[in-house]
Amino acid sequence: MLVALALISLFPIFVMFETAFKTQVDIMSSEPLWIFTPTLDNYETVIFGQKFDRFLTNSVIVGLATMFLTLFTAGLASYALARLQFPGRGLLAQGTLIIRMVPPAVLAVPIFALWQNWGVEDGRLGLILFYTALGLPFAIWLLFGFIKQIPIELEEAAIIDGCNPFQVFFQILFPLMRAGYAVAAIFTFRIAWNEFLIALILTNRYTRTLPVATTLYLTEQGVEWGRIMAMGSLLVIPPLLLTFVSARQIIQGMTAGAVKG
């Protein structure tokens, strides 16, 4: 049963990679062709044309910057929610979950208007800020679970030894939360790497990310499916490799942080 479900889930990915190696004639055949002569023309066109290196650089910068900014902010926020007592603490904690329930598409127009007023609607900074806000709720609640599992006596002992709150967090808590940070990093990076709609609205021809660059193959002459699938296959490779390599850490991180606050 599990094997059947796995095959069903992987079949679209198989079709995508297979189509990337077909010519346009094979793709538009009236009957599906499972046996054909593979070609690398689609990959050559995608990689060596249409400024692929620029789009890849934009995606990497946006993804990594979003990941680091989200992890830094979420770590401090989760520590404050787990350890500090202040008015509105519960409301603030629940508010982070409510934000996560809002579909990103609903925010497209107001975010564009707000970013336009700030002058960041066509640059990578606007994307980084939006993706950080999008990934914060998940990262905060994941790290919150890890902090709740750490005995507070460790922090008290560090404070007695003369550590300030920042030293307590970075020297005592951070090493114990590495699994949680690994999981949060993977999910945050994948959000920034794969997102399409907001990137389409908030970028121009110089700041496009790879998902947005796929639209370049929707031409007046028709849809260049082979090149779109080649671009799509290049897009999914980094998240797939990252997920498979870190599968054990993801499972450990998700189960270790699954505590009730």
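**Reading a helix crossing and the cores around it**

Mentor: Welcome! In this predicted model, start with helix H4 (residues 52–83) and helix H10 (residues 178–194), whose axes come within 8 Å and cross at roughly 140 degrees.

Trainee: How should I read that angle: is H4 oblique or roughly antiparallel to H10?

Mentor: Angles over 145 degrees count as roughly antiparallel. The angle here is roughly 140 degrees, so H4 is oblique to H10. The crossing is also right-handed.

Trainee: Which residues make the contact between H4 and H10?

Mentor: On H4, they include Leu56, Val60, Leu64, Met67 and Leu71. H10 brings residues including Tyr181, Ala185, Phe189 and Trp193. By class, the contact has twelve nonpolar, six polar and no charged residues.

Trainee: What should I know about nonpolar side chains in general?

Mentor: In soluble globular proteins, they tend to be buried together. In this chain, the largest nonpolar core has 40 residues, and Met177, Leu210 and Met231 have the most contacts inside it. Among the helices that each supply at least two residues of this core are H4, H10 and helix H13 (225–245).

Trainee: What does Met231 touch?

Mentor: Leaving out residues up to four places away in sequence, Met231 touches Val46, Phe52, Leu210, Ala213, Thr214 and Tyr217. Another core, of 15 residues, lies apart from the largest one and includes Leu127, Tyr131, Ile198 and Val212.

Trainee: And the whole chain: how many helices and strands are there?

Mentor: There are 14 helices and two strands. Of the 261 residues in the chain, 38% are buried. The C-alpha atoms fill a box of roughly 75 × 50 × 30 Å along the principal axes.

Definitions and conventions:
Residues numbered from 1 in each chain as written. Predicted model: local features only at pLDDT ≥ 70, side-chain atom pairs only at ≥ 80, totals over all residues. Heavy atoms only, no water. Axes fitted to C-alpha atoms, helices over the stretch in contact; angles between N-to-C directions. Helix = DSSP H or I, 4+ residues; strand = E, 2+ residues; numbered from the N terminus. Parallel < 35°, antiparallel > 145°, perpendicular 65-115°, else oblique. Left-handed = near helix turned anticlockwise from the far one by under 90°. Contact = heavy atoms within 4.5 Å. Nonpolar A, V, L, I, M, F, W, Y, C, P; charged D, E, K, R; others polar. Core = buried A, V, L, I, M, F, W, Y, C linked by side-chain atoms within 4.5 Å. Buried < 20%, exposed > 50% of the residue type's maximum accessible area, 1.4 Å probe, protein only.
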